[in-house]
Amino acid sequence: MDKATASSIDTISRTCIAVRLRLLNRVVTNFYDDALRPLGLKVSQLNILIVTARLNLARPTQVCEILQLDTSTLSRNVERMRAHGWLEVVPEDDARAQPFRLTPQGKRLIEKAVPAWEEAQRQATELLGDEGIALLDKAAKKLGGLGAKR
């Protein structure tokens, strides 16, 4: 391998933003997933429940836009959460739209999840620090979606 290639490899391995963000994402996601596991819930599902609670009647396109999810990922998660009794589809004239809402069981699950979420939030805050959280908030606001609606 020539020096230029070796130098490029070294630069990419030390500075790639995507690699560092993915690593950070896995670590932080694990804090939340570990805390929520006793409830049979993942943080990705909790986010869908929270967005649904805020919207009252959630349309898949809205949720996908807010959480930056592709439709197949959302549909898989909604199906699982329906099977658990946390969400229900609301019949509508346009069957393709398939809006959904929280069930009473889904609302109770959110209430039960709060202490676990708070613990995971504490761990993530400890890892990132105030400065890291501020930078994350700034980046999220540029993207819009959930981060911008605080």
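Biologist: Where is the place of Val78?

Modeller: Val78 sits in helix H5, residues 71-83. Helices here are DSSP runs of H or I with at least four residues, numbered from the N terminus. This is a predicted model, in which local features need pLDDT of at least 70 and side-chain atom pairs count only at pLDDT 80 or more, while totals for chains, interfaces and linings use all residues. Residues are numbered from 1 along each chain as its sequence is written, and side-chain values use heavy atoms, with hydrogens and water left out.

Biologist: Is Val78 buried or exposed?

Modeller: Val78 counts as buried because its relative accessibility is 8%. Buried means under 20% relative accessible area, exposed means over 50%, and partly exposed is in between, with a 1.4 Å probe and protein chains only.

Biologist: What separates the C-alpha atoms of Val78 and Ile48?

Modeller: A distance of 8.2 Å separates those C-alpha atoms, with Val78 and Ile48 30 residues apart along the chain.

Biologist: Switching to helix pairs. How do you describe two packed helices?

Modeller: By the angle between their axes and the distance between the axes. Axes are lines fitted to C-alpha atoms, for helices over the stretch in contact, and angles run from 0 to 180 degrees between N-to-C directions.

Biologist: At what angle do the axes of H3 and H4 cross, then?

Modeller: The axes of H3 (residues 43-55) and H4 (residues 60-67) cross at roughly 120° and come within 11 Å. H3 is therefore oblique to H4. Angles under 35 degrees count as roughly parallel, over 145 as roughly antiparallel, 65 to 115 as roughly perpendicular, and the rest as oblique.

Biologist: And what about the axes of H2 and H6?

Modeller: Those axes come within 8 Å and cross at roughly 155°, so H2 is roughly antiparallel to H6. H2 covers residues 17-36, and H6 covers residues 104-143.

Biologist: Which residue of H6 can I look at?

Modeller: Ala116 is found in H6. Ala116 counts as buried because its relative accessibility is 15%.

Biologist: Now Val27. Where does that one lie?

Modeller: Val27 lies in helix H2. At 32% relative accessibility, Val27 counts as partly exposed.

Technical notes: Helix = DSSP H or I, 4+ residues; strand = E, 2+ residues; numbered from the N terminus.
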